[in-house]
Amino acid sequence: MKLARVLGTVVSTIKHPAFDHRTLLYCDVLTPAGDPDGQRIIAVDHVQAGVGDTVLILDEGNGARQILGPTAQPVRAVIVGIVDEVELVR
Amino acid sequence: MYLGRVIGTCVATVKYEGMQGYRLLIVEPVDDEGRVTGDPHVAVDVTQAGPGETVFLVGSREAALACDPSFVPVDAAVVGIVDALDVP
């Protein structure tokens, strides 16, 4: 899974039906230290994350379909957690 | 899943039979400020997006699953047209 910060929301009315009624959040992937690593991901929100939250993103299709069900065929990235704290030991 | 901008179309009459009926778009990955963040590539269009439009795409296996039949050699698909990107 990837650590990311939610930057904003993606508004889209014309889209594949698998994305209907699902919130799309535009996220900035972070290093464990909390710095952006340059990659941006659009993910389906599953935990009511808000802009500015640090979240956990599952970026793999099979896992996404297990969470969202078989109708979510082309969904790949799902936000599966809101991170409270990251502690690094090195 | 990533943000992209449609910069062109690609026509291929001779192609794998499962891909018939799908438009091919040339897209370049962009970020919320419109800066290009990756190499241009060809994606199957599932949403009738036009040139210049900001879209979002899915890659790898999920791109093929956006198509019907889903057993097609596709690794990028435009799955939504972005109306607005609200980044405060």
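This is a predicted model: local features need pLDDT of at least 70, side-chain atom pairs count only at pLDDT 80 or more; totals for chains, interfaces and linings use all residues.
The area buried between chain A and chain B is about 2,000 Å², and carbon and sulfur atoms give 61% of that area. On the side of chain A, the residues that lose the most area to chain B are Tyr26(A), Ile42(A) and Arg76(A); together they account for 25% of what that side buries.

In terms of residues, 27 from chain A are in contact with 24 from chain B. Between the two chains there are 13 residue pairs in polar contact, with both members at pLDDT 80 or more. Several elements of chain A each supply at least two residues of the side that touches chain B: strand S1 (2–11), strand S2 (24–30), strand S3 (36–45) and helix H1 (61–68). By class, that side of chain A has 15 nonpolar, eight polar and four charged residues.

S1(A) pairs with strand S6 of chain B, residues 84–86, in the antiparallel sense and over three bridges. Within this arrangement, Val10(A) stands opposite Leu85(B) of S6(B).

Let me turn to the charged contacts. Side chains of opposite charge can pair when their charged atoms come close. Over all chains, the count comes to 10 salt bridges, and the count between chain A and chain B is three.

One of these involves Asp32(B) and Arg40(A), whose side chains meet with an N to O distance of 2.7 Å. Asp32(B) lies in the loop between strand S2 (23–29) and strand S3 (41–45) of chain B, whereas Arg40(A) lies in strand S3 of chain A, so this pair joins two chains.

As for the pairing with chain B, Glu62(B) lies in helix H1 of that chain, residues 60–65, and Arg76(A) in the loop between H1 and S5 of chain A, so the pair joins two chains. Glu62(B) is buried, with a relative accessible area of 2%. Which residues do salt bridges with shared partners join into one network? They are Lys2(A), Asp59(A), Arg65(A), Arg76(A) and Glu62(B).

Arg65(A) brings us to helix H1 of chain A. The buried residues in H1(A) are Gly61(A), Gly63(A), Ala64(A), Arg65(A) and Leu68(A). What covers them includes S3, S4 and S5 of chain A, together with H1 of chain B. At the N-terminal end, Glu60(A) caps the helix, with a side-chain oxygen 3.1 Å from the backbone nitrogen of Asn62(A). After the helix comes Gly69(A), whose phi is positive, near 95°.

Finally, I would draw attention to Ala43(A), in strand S3 of chain A. Its relative accessibility is 0%, and Ala43(A) therefore counts as buried. What is Ala43(A) in contact with, leaving aside its neighbours within four places in sequence? Within chain A, the contacts are Thr23(A), Leu24(A), Leu25(A), Ile57(A), Ala77(A), Val78(A) and Ile79(A); from chain B, there is Met1(B). The C-alpha atoms of Ala43(A) and Leu68(A), the latter being one of the buried residues of H1(A), are separated by 12 Å, and the two residues are 25 apart along the chain.

Technical notes:
Residues are numbered from 1 along each chain as its sequence is written. Chains are lettered from A and ligands numbered from 1 in the order in which they are written. Side-chain values use heavy atoms; hydrogens and water are left out. Contact means heavy atoms within 4.5 Å. Buried area is the accessible area (1.4 Å probe) that two parts lose on being put together, summed over both. A salt bridge is a side-chain nitrogen of Lys or Arg within 4 Å of a carboxyl oxygen of Asp or Glu. A polar contact is a pair of N or O atoms within 3.5 Å; within protein, one must be able to donate a hydrogen and the other to accept it, and residues adjacent in sequence count only if both atoms are side-chain atoms. Helices (H or I, at least four residues) and strands (E, at least two) are DSSP runs, numbered from the N terminus. Ala, Val, Leu, Ile, Met, Phe, Trp, Tyr, Cys and Pro count as nonpolar, Asp, Glu, Lys and Arg as charged, and the others, Gly among them, as polar. Two strands pair if DSSP finds at least two bridges between them. Buried means under 20% relative accessible area, exposed over 50%, partly exposed in between (1.4 Å probe, protein chains only).
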